[in-house]
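These are my notebook entries on one model, written in the order in which I looked things up.

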Amino acid sequence: KVEGAGPSVAYLLGSLHVLTPEFYPLAAEINDAFAASKTLVEEVDFDEVSDPAQMMSALAKAMLTGQTLDEVVAPATFAEVSRRAEKSGLPMQALQRMKPWLVAVTLMGPTLQAAGFTAELGVDKHFFDRASSKISRIQRGPRRHLEIDVQCVAIFAREETHLHHAEDRERKRHDETERHRPQKAILQSAI
């Protein structure tokens with residue numbers, strides 16, 4: 001909750017883009033903040049995400065130009081990507097054209113899906129769907145989310161390191177999620 005000198009109040013919530021059903025219902029404090037809000041501001045415009053032309057434009061910015069993945073990452077990293085792609089059934093030909101950060105994100109997909117995570121249950125999607133009927137105004141954050149290169153250079157400044165260690169991060173996330181599932185169940189039953 002953010003309050004200033006005036007009567008306005010804002011609520012900030014870090015969004016998880018993929019979740020499992022066990023994370024719902026959200027904490028009462030989160031739902032109360034949403035109920036008290038008149039405007040929802042989100043990073044992703046789900047109307048744009050469902051527009052094929054917008055998605056193709058965004059995807060084009062995430063592709064390598066004049067090079068292939070094996071030319072921009074170390075041989076050991078490329079070998080690991082190839083191994084993981086084969087294990088996940090992802091076509092290496094498509095991955096070869098992607099920038100390293102997108103390859104890392106793409107390789108996380110099958111692991112997250114196997115653990116039951118889905119974008120349909122993400123916090124941002126949850127509130128976007130609820131806002132359509134409850135909030136008078138849905139406002140999108142800066143449209144820069146389509147400028148994939150700008151954001152991802154900042155987020156993945158060390159692309160090769162990110163790509164090389166993606167599998168370890170996935171395993172840790174999965175382990176952490178599994179560790180918190182019983183705690184969430186205990187909290188829900190206590191409420």
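**Entry 1: a pocket.** Which residues lie nearest the centre of the second largest pocket? I find Tyr 11, Leu 12, Leu 13, Leu 40 and Val 41 there, among the 25 residues that line the pocket. A pocket here is an open set of points on a 1 Å grid over the protein atoms alone, where a 1.4 Å probe fits, with protein on both sides within 12 Å along at least five of seven lines, and a lining residue has an atom within 4 Å of a point. Its space comes to about 680 Å³, a volume being the space filled by probe spheres set on the points, which are joined across faces, edges and corners. At least two lining residues come from each of β2, α1, β3 (39-42) and α8; helices (H or I, at least four residues) and strands (E, at least two) are DSSP runs numbered from the N terminus.

**Entry 2: what I am reading.** This is a predicted model, in which local features need pLDDT of at least 70 and side-chain atom pairs count only at pLDDT 80 or more, whereas totals for chains, interfaces and linings use all residues. Residues are numbered from 1 along each chain as its sequence is written, and side-chain values use heavy atoms, with hydrogens and water left out.

**Entry 3: confidence.** I noted a mean pLDDT (the predictor's confidence in each residue, from 0 to 100) of 76 for the protein chain, with 68% of its residues at 70 or more. Helix α6 (residues 92-95) has the highest confidence, at 93, and helix α9 (residues 148-155) the lowest, at a mean of 40. Residues 143-158 stay under 50 in pLDDT, and the model gives them 21 contacts beyond four places in sequence, a contact meaning heavy atoms within 4.5 Å. Residues 183-191 are also below 50, with 7 contacts beyond near neighbours in sequence.

**Entry 4: the chain as a whole.** I counted 11 helices and 4 strands in the protein chain. Of its 191 residues, 30% are buried, where buried means under 20% relative accessible area, exposed over 50%, and partly exposed in between (1.4 Å probe, protein chains only). Among contacts between residues at least 6 apart in sequence, 78% join residues at least 24 apart.

**Entry 5: aromatic pairs.** How many aromatic pairs are there? Rings of Phe, Tyr and Trp (its six-membered ring) pair if their centres lie within 6.5 Å, and planes under 30 degrees apart count as stacked, over 60 as edge-to-face and the rest as tilted; by this rule I find 2 pairs. Phe 23 and Phe 117 make a tilted pair, 6.4 Å centre to centre with 45° between the planes. Phe 23 sits in the loop between β2 (9-10) and α1 (28-35) and Phe 117 in the loop between α7 (100-114) and α8 (123-134), so this pair ties together parts 94 residues apart in sequence. Phe 23 is partly exposed because its relative accessibility is 23%, while Phe 117, at 10%, is buried.

Phe 34 and Phe 127 also form a tilted pair, at 4.8 Å and 35°. Because Phe 34 belongs to helix α1 and Phe 127 to helix α8, the pair ties together parts 93 residues apart in sequence. Phe 34 is buried at 7% relative accessible area, and Phe 127 is buried at 5%.

**Entry 6: nonpolar cores.** A nonpolar core is a set of buried Ala, Val, Leu, Ile, Met, Phe, Trp, Tyr and Cys residues joined through side-chain atoms within 4.5 Å. The largest has 14 residues, and those touching the most other members are Leu 69, Val 81, Leu 95, Met 98, Leu 102, Val 103 and Leu 107. Helices α5 (75-88) and α7 each supply at least two residues, with α7 giving the most, at 4. A second, separate core of 8 residues includes Leu 19, Tyr 24, Phe 34 and Val 123.

**Entry 7: around Gly 122.** Leaving out residues up to four places away in sequence, Gly 122 touches Leu 16, His 17, Val 18, Leu 19 and Tyr 24. The C-alpha atoms of Gly 122 and His 17 are 4.3 Å apart, although 105 residues separate them along the chain. Tyr 24 is joined to Pro 25 by a cis peptide bond, with omega about 0°.
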